Amino acid sequence: MKKYLLDLTVTSVEWLTGRHVLMKLTHDEPLPEALPGQFVEVRIDNVPSTFLRRPISINNIDRARNELWLLVAAIGNGTRRLARLTVGERLNCLMPLGNAFKVMDSTLLVGGGVGMAPMFFLGKRMQEQGLTPTFLLGARTASEVLLLDEFRQLGPVYVTTEDGSLGEKGFVTNHSILKEKSFEKIATCGPKPMMMAVARYAKAHGIACEVSLENMMACGLGACLCCVEKTVRGNLCVCKEGPVFNINDLLWQI
């Protein structure tokens, strides 16, 4: 897909938790096409310690409002500066980057933390194609289950929290929905230990599974080689050949 370097204008900044921000941005022209699983590289200005762009998954593209949604975890100097942007300010974005999830019926979408972001975009695309996504969201506590109302508008939502404050207590791979219903495919994004557990479950049950890796990225174009992942096809750049991989292509010990 063609890539664009755009100066987008902030239309909304909503703090969902003490460290998670939903940012919406627009452009004078229609936003370029993008697919679930792809990401943008944003330039962080006015932070001397931040030289490289930051990769952020595309949370949604609202065509009616011509808005790009980015779900940001403000945990470092760069992302904290990003979260402090205000309505009307500009953000330079390189997009869309990477590959995408394959859309198919009977798919369970598993998200954890800001890994919930591409799951929402994927679920929306499924709904647009007449499919009903099923979501399984995992978090440490209830307040960190992000965009719950929005997810519920797309399909059934199941939740696990480590402290039991919402949904079932435990991890996503322990949720009862996995015993009650069968799926032909699982798509997942989140912390690597969570994705490895999901991949282990999928492999054990003969379910196709795609994961969205979150390796450290800098250029987003496959030039700097800092995001390399070992695969059955050799060392591949996650930003270019991924971030979405079939688990059968990875050398994970699962």
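In the predicted model, Phe120 is buried, with a relative accessible area of 5%, where buried denotes under 20% relative accessible area, exposed over 50%, and partly exposed the range in between, computed with a 1.4 Å probe on protein chains only. Because the model is predicted, local features need pLDDT of at least 70 and side-chain atom pairs count only at pLDDT 80 or more, while totals for chains, interfaces and linings use all residues. Residues are numbered from 1 along each chain as its sequence is written, and side-chain values use heavy atoms, with hydrogens and water left out.

Phe120 takes part in an edge-to-face aromatic pair with Phe151, at 5.5 Å centre to centre and with 90 degrees between the planes. Rings of Phe, Tyr and Trp (for Trp, the six-membered ring) are taken to pair if their centres lie within 6.5 Å, and planes under 30 degrees apart count as stacked, those over 60 as edge-to-face and the rest as tilted. Since Phe120 lies in helix α2 and Phe151 in helix α3 (residues 148-152), this pair ties together parts that are 31 residues apart in sequence; helices (H or I, at least four residues) and strands (E, at least two) are DSSP runs, numbered from the N terminus. Phe151 counts as buried, at 0% relative accessibility.

The structure holds 3 aromatic pairs. Among them is the stacked pair of Trp69 and Phe120, with 5.9 Å centre to centre and 10 degrees between the planes. Trp69 belongs to strand β5 (residues 67-73) and Phe120 to helix α2, so the pair links parts that are 51 residues apart in sequence. Trp69 is likewise counted as buried, at 9% relative accessibility. One aromatic cluster is formed by Trp69, Phe120, Phe135 and Phe151.

An open sheet of 7 strands is present, with the order β10-β9-β8-β7-β11-β12-β15 and mixed pairing, two strands being paired if DSSP finds at least two bridges between them. Strands of a sheet pair through backbone hydrogen bonds, in either a parallel or an antiparallel sense. Strands β7 (residues 107-112) and β11 (residues 185-189) run parallel and are joined by 5 bridges, with Lys185 of β11 as the bridge partner of Thr107. Helix α5 (residues 192-204) packs on the sheet, where it touches β7, β11 and β12 (208-212), and its direction makes about 170 degrees with that of β11. Contact here means heavy atoms within 4.5 Å, and axes are lines fitted to C-alpha atoms, for helices over the stretch in contact, with angles running from 0 to 180 degrees between N-to-C directions. Helix α2 (residues 116-128) lies across β7, β8 (134-139) and β11, and runs at about 155 degrees to β7.

Further along the sheet order, β8 and β9 pair in the parallel sense over 5 bridges, and the bridge partner of Phe135 in β9 is Val157. Strand β9 (residues 157-161) is mostly covered, with 4 of its 5 residues buried. The pairing of β9 with β10 is also parallel and extends over 2 bridges, Thr160 standing opposite Glu168 in β10.

Most residues other than glycine have a negative phi, and most peptide bonds are trans. Asn66, found in the loop between β4 (54-62) and β5, has a positive phi near 55 degrees. Asn66 is buried, with a relative accessible area of 15%, and, leaving aside neighbours within four places in sequence, is in contact with Leu25, Thr26, His27, Glu29, Pro30 and Leu31. Leu225, in the loop between β12 and β13 (228-231), also has a positive phi, near 65 degrees, whereas its relative accessibility of 54% places Leu225 among exposed residues.

Cis peptide bonds are found at Met95 to Pro96, with omega near -15 degrees, and at Gly242 to Pro243, with omega about 10 degrees. Pro96 lies in strand β6 (residues 90-97), whereas Pro243 is placed in the loop between α6 (238-241) and β15.
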